[in-house]
Amino acid sequence: MRFVAEDRERAKFFVGLKEGYSLSEADLEGLGLHQTDLFPQTGTVILAADEGVEPDEQRTVAALLNLPGIEWAELSSFHHLARVPNDEKYAQQWAPPHIRLPQAWDVTTGSRNVVVAVLDSGIAQDIVDLSDRIVSPYSTKWQTAAPWAWEDIFGHGSGVAGVAVARGDNRVGMAGTAWDVSLMPVHFTDDGSVSDDDYIRAIYWAVDHGADVINISYGSDDTFVAERLAIEYALNQGAVVVASAGNGGQGAGIQYPAALPGVIAVGATDRDDLRASFSSTGLGIDLVAPGKGILTYDATKDSYGMLEKDGTSFATPFVSGIAALLLSVNPSLTSRQVADILTSSAVDLGIRGFDTSYGHGRVDAGAALGRVGTPTTGSTTTTTVPATTSSSSTTVPTTTSTTTTTVPVTTTTTTTTTLPTCRFSDVPAAHPYWTAIEALAAEGVVCGRNDGTFGPDEPVLRAQFAKMICGVLDLPVSESLSAPYRDLGPDDPLSLYPHQYVAAVAARGITVGVAPGLFAPWRSITRAQVVTMIVRAAGSLAPGSLRIPPLGYTGALGAFDLEHGETMRIAEYNGLLSGLVGYGSRWDPWHSATRGEVADVLWHLLLIIDR
């Protein structure tokens with residue numbers, strides 16, 4: 001073993017040796033490392049960088065894992081007592097210590113290799129806390145990267161970027177969430193209003209120029225196909241997309257793109273961990289973060305300064321910054337894995353478990369960083385997923401070779417990951433209804449076809465819907481039931497479909513047919529009919545599970561129909577429709593409901609009833 005003076009000042013690594021293995025100097029010299037300590041009790045070795053060598057830390061860990069006999073490898077770092085930055089205004093920032101950012105900073109303050117894109121009004125380029133780590137800036141509004149085009153004259157973008165990535169511990173201004181990551185400002189507005197085309201261009205620009213995390217502190221009550229495709233593209237390319245839930249208040253529903261599948265939707269809380277009165281609620285919410293009285297940067301055409309700001313816009317970049325910290329520690333994490341770490345480590349607020357005001361809870365940076373591991377290829381890894389998704393287990397292969405030095409059996413470390421399982425070939429993990437379809441399939445409520453597909457865009461027949469809702473609600477179905485309709489055809493004594501399923505829903509008052517004595521089993525069911533039957537089912541089988549909307553709440557569609565208008569209003573208010581693609585004022589309730597849409601609404605009903 002060689003020992004070099006002043007090793008304390010150089011990069012260091014821990015590695016674990018498999019039983020019967022040792023490290024050769026030749027292997028280490030090729031990496032610019034040398035061994036400083038060996039703990040034979042556990043086979044743990046400390047390595048340090050050679051004099052004059054500044055190794056790429058993540059690549060060195062990966063290279064060590066490829067050496068014969070290495071069980072695990074990780075970077076050594078300094079431990080601090082909840083690192084507190086020395087920034088001038090940090091003492092006035094209540095939020096960072098509240099969400100335990102100092103504990104997260106003990107692990108990492110970020111990596112330059114991780115890029116956070118802030119899609120907003122640009123940044124004030126004179127802000128020292130932001131200006132030294134800018135990559136690929138652009139204005140989709142003016143379609144140029146010229147500095148004048150992405151200069152912030154509105155103040156919103158500078159404020160959002162400050163919370164996410166302002167440089168910390170530099171005795172200037174404030175401390176952001178991820179101090180040392182790179183910032184990609186993508187400008188699309190000068191006044192708070194954004195055209196759809198500038199917004200869509202911004203998403204594609206960010207993804208195509210290497211954004212790892214995309215912060216969108218904007219939104220709309222309606223979504224559109226181009227938006228859904230752009231978000232799907234971002235997720236498929238591995239970007240973590242974080243968006244504000246909206247400032248509509250209780251019962252407003254989650255705005256888009258936050259409500260789209262795969263996007264992390266963030267609401268706002270105050271100093272007392274209570275939902276901020278303006279923070280939108282709905283089943284689409286994932287997390288909450290501080291969003292009231294947030295000290296951050298502001299900018300005008302002539303100057304910049306600091307202000308306390310309110311809004312889910314300023315809660316969202318806390319989550320984006322923590323996501324960047326997670327990726328700084330483990331760049332191999334997928335967007336779904338990042339979301340799972342954030343939600344599973346959150347502090348539960350409100351009703352126990354998931355609820356429509358706080359989602360999975362208030363983000364906890366210290367706990368989240370405590371759950372992320374460095375990339376490994378030398379240990380067995382078991383996947384874990386939330387209850388609403390299905391999963392598979394993955395085993396990472398280990399390397400083998402022979403050597404002469406013997407050490408005891410090592411203690412290995414494992415990394416928890418989450419890998420989505422797609423049981424239907426036409427429903428990939430990025431599909432807007434993937435979660436609902438997978439959850440219902442796992443419950444045996446829906447099934448695919450013989451060719452392994454599901455057909456999420458195909459219409460649902462009324463008879464099929466009767467069977468689906470029986471499965472979701474566990475309605476008892478037996479041959480003794482008799483349907484009050486004469487258009488079901490001959491009753492097959494060897495099958496309960498469709499007669500007994502239709503009879504079961506009729507007995508509960510879930511359906512009243514299309515006319516006296518008629519059910520129209522082979523007719524496609526409309527979206528309005530689906531919603532009405534589901535609301536009736538909730539009232540019959542889980543009284544009180546759906547809240548009555550307050551007077552004056554009209555919903556997106558208003559009073560479009562005497563029979564279905566009220567049930568649509570109730571469904572929207574309770575979040576049953578929050579996952580539907582395109583739901584809004586232009587949504588057609590008389591259109592045939594698709595298998596994907598029906599699965600999503602039934603899944604949301606199941607969440608409400610189970611809660």
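Modeller: Let us start at the end of a helix: helix 14 is followed by Gly-509, whose phi is positive, near 75°. Helices (H or I, at least four residues) and strands (E, at least two) are DSSP runs, numbered from the N terminus. This is a predicted model, in which local features need pLDDT of at least 70 and side-chain atom pairs count only at pLDDT 80 or more, while totals for chains, interfaces and linings use all residues. Residues are numbered from 1 along each chain as its sequence is written, and side-chain values use heavy atoms, with hydrogens and water left out.

Biologist: Why is helix 14 described as largely enclosed by the rest of the structure?

Modeller: Buried means under 20% relative accessible area, exposed over 50%, and partly exposed in between (1.4 Å probe, protein chains only). Eight of the nine residues of helix 14 (residues 499–507) are buried, so the helix is largely enclosed. Among them are His-499, Tyr-501 and Val-505. The buried residues pack against helix 13 (462–473), where contact means heavy atoms within 4.5 Å.

Biologist: In what order do the seven strands of the open sheet stand?

Modeller: Strands of a sheet pair through backbone hydrogen bonds, either parallel or antiparallel. Two strands pair if DSSP finds at least two bridges between them. Here the order is 6-7-5-8-9-10-11, with parallel pairing. Strand 6 (138–139) and strand 11 (287–290) are at the edges with a single partner strand each, so one side of each lacks a neighbour in the sheet. Within the sheet, four bridges join strand 5 (residues 115–120) to strand 8 (residues 213–216), and Val-118 stands opposite Asn-215 in strand 8.

Biologist: Which strands pair with strand 1 in the antiparallel sense?

Modeller: Strand 1 (residues 12–17) runs antiparallel to strand 3 (residues 44–49), with five bridges; Val-15 has Val-45 as its bridge partner. Strand 1 also pairs in the antiparallel sense with strand 4 (residues 70–75), again over five bridges, and there Phe-13 has Leu-75 as its partner.

Biologist: How many aromatic pairs does the structure hold?

Modeller: A pair of aromatic rings is described by the distance of the centres and the angle of the planes. Rings of Phe, Tyr and Trp (its six-membered ring) pair if their centres lie within 6.5 Å; planes under 30 degrees apart count as stacked, over 60 as edge-to-face and the rest as tilted. The structure holds 15 such pairs. The rings of Phe-188 and Tyr-218 have centres 5.1 Å apart and planes at 90°, so this pair is edge-to-face. Both residues are buried.
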